[in-house]
Amino acid sequence: MPVSIDIIPFSNSLELYGEPDFSSAFSLAGHVSISLSSLSFMFQRRRGTTRALMQSLTVTFEGQSEIIAPDIGYAPLRLCSITRELVNGEPVELSNEGHEDSNKPCSWNVIFDIPVPGWLPTTSMYGDHCAVEAGTCYALYATATFIYLEDGSSSIFGSFCSPFGYRTRTINAPRCPITLARFVGVPSSPSSSSIFPMALFIVDAQSGQDDSETGTTGIPPEILKKIQVVASIPNAVTLDETTVPLILRLQGNGLDSSEQERLRITDFTVDVEQIETYRTTTSLDCVARFMVPPRAQQPPSLPLRNAHSVHTLYEVGFLMTSYPSKSTSTRSFSLFDPSNSGKYIISGDGRVFMHNSPEGDATTCPPSENWYVLEANVPLAPEPHQLDWAGPRSRRISENSPLFNVCHMMHIALRCIYEQPDGGVGSERLHFSLPMQHVRVSIPRINPSAGDRTIVGATELPKSASYSQSLPAYSQLFYSNGERKIDYSTPLPLYEPPPSASSSSSFTLDHSDDDQK
């Protein structure tokens, strides 16, 4: 075919920065290359001039999600479809006149710039691991319509085909996959034990039976209610971190002296859980929340451009779901290594609520100081160690999308033992859960060595430095209305008058206009 088009983006990956934001957008730019060449015929000595009239040229960025699970079946969803018309107004005539005998086609580049919504989920594969390439993916598509005005058809075959040469023809560019990855910025004031600062949780712990002890009774609820727990974990945990700092603060100011002596905290257990939720249906509220295209633009009304091959088997009924009425499927697993029990033994006798005053001092510590602090570094498995229907149990970033959700929780249980006044022993566990955020951070910029630098004039430019990663997102600098964000945490410098300033100033009035009158 004498005319062909290709999509050439500036980058095949788009990095989204910050939390998903419906009011932000990121630029995906590139160009569509249009190539025009001459056809050669058997009885033709010289190639003829090829002319084509380009009537339209569109480029589309489209995202899709597909769920495949053994118990809930298959579900497709179009996440977004953004089209830009690159030929506006009159058609554009293209010709290779003067270059008919060249081995290289004549090419034209048409630049495009597409705003990609900032809420979109990242590119990822999930679901049934036997179904390859199911999950969330994005791609660019381009379509052009041409009318061949002249294609060098001076031979007998060209004359025969000329009545059919003026029909409008549609040309599609090869699919161009685009990878979306989300990063968060590293805070300027990290904690001493983590990249991100610590978050504080005032815990409402719930009591539960201690399965590790047999023959014990429960602890009176009025005793457990007097235990106050405050927990601290980082605001976020990166996928590269293999330990998570945990700080527990315990207080029992409501306990009298006898209750403080009878109550002991002997150990506590920790577990970090990743919960993946798969959905096959999207409610109207979900569609409005995620701003996905309406149902008229969703399958089966409008099929996906790059649908998984298994969708045909579900449509014709060759494959059926095990539970037709079920619309969600959940996979949850621990992020601990199998050898890690997650149990931490508290040293001493466990009477953490006893605060004895120094001898001869009748005063007691103020309530704000009566905290017993427990600190631990919770280890995470660096590599997946198990495999199930959805593939390896790998750590993912915390993410919320129309068909696939990933959340993380840290579960903590405190083992309490209470010696009853009648001599009996009660044992229960206070358990609670803390929400976690697993994120991906951008790679810090590394100053290149002297051998990796290029000198242009008087400016020294590193060859491999990633300038795109060092630039902040638009939403970090400006509000949605265009007003610039001001960081009030940095105080303004105090005003100091210049050294030459004096208490009195003299002004000279220009009377040039008056003299001319």
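Tutor: Residues are numbered from 1 along each chain as its sequence is written, and side-chain values use heavy atoms, with hydrogens and water left out. The protein chain has a mean pLDDT (the predictor's confidence in each residue, from 0 to 100) of 80, and 75% of its residues reach 70 or more. Over residues 356–367 the pLDDT is below 50, and the model gives this stretch 5 contacts (heavy atoms within 4.5 Å) beyond near neighbours in sequence. Where pLDDT is low, the predicted coordinates should not be read in detail.

The secondary structure of the protein chain amounts to 8 helices and 28 strands; helices (H or I, at least four residues) and strands (E, at least two) are DSSP runs, numbered from the N terminus. Of the 517 residues in the protein chain, 41% are buried, where buried means under 20% relative accessible area, exposed over 50% and partly exposed in between (1.4 Å probe, protein chains only). Among contacts in the protein chain with a separation of 6 or more, 80% are between residues 24 or more positions apart.

β17 runs antiparallel to β24, joined to it by 15 bridges. Another partner of β24 is β25 (residues 425–436), antiparallel over 12 bridges; here C416 has E428 of β25 as its bridge partner. β24 and β25 form a hairpin with 5 residues between them, and G423 in the turn has a positive phi of about 100 degrees. β23 (residues 399–400) also runs antiparallel to β24, with 2 bridges, and N400 stands opposite N405 in β24. β23 and β24 likewise make a hairpin, with 3 residues between them.

G350 sits in the loop between β19 (343–345) and β20 and touches L263, R264 and I265, leaving aside residues up to four places away in sequence. With a relative accessible area of 4%, G350 is buried. Its C-alpha is 9.7 Å from that of E261, 89 residues away in sequence.

Next come the aromatic rings. Rings of Phe, Tyr and Trp (its six-membered ring) pair if their centres lie within 6.5 Å; planes under 30 degrees apart count as stacked, over 60 as edge-to-face and the rest as tilted. By this rule there are 8 aromatic pairs. F61 and Y138 have ring centres 5.6 Å apart and planes at 5 degrees, so the pair is stacked. F61 belongs to strand β4 (residues 50–69) and Y138 to strand β9 (residues 135–151), so the pair ties together parts 77 residues apart in sequence. F61 and Y138 are both buried. For Y126 and Y278 the ring centres are 6.4 Å apart and the planes at 55 degrees, so this pair is tilted. Y126 is in the loop between β8 (124–125) and β9, and Y278 is in β17 (residues 263–279), so that distant parts of the chain, 152 residues apart, are linked. Both Y126 and Y278 are buried. Together with W389 and F404, Y126 and Y278 form one aromatic cluster.

Elsewhere, an open sheet of 4 strands has the order β12-β14-β16-β20 with antiparallel pairing. β12 (198–203) and β20 (372–379) are its edge strands, each pairing on one side only. Within this sheet, β14 (residues 228–234) and β16 (residues 243–251) pair in the antiparallel sense over 5 bridges, and Q228 stands opposite Q251 in β16. An open sheet of 3 strands, also antiparallel in its pairing, has the order β1-β3-β7. β1 (3–9) and β7 (106–117) stand at its edges with a single partner strand each, so one side of each is left without a neighbour in the sheet.

Methods:
Two strands pair if DSSP finds at least two bridges between them.
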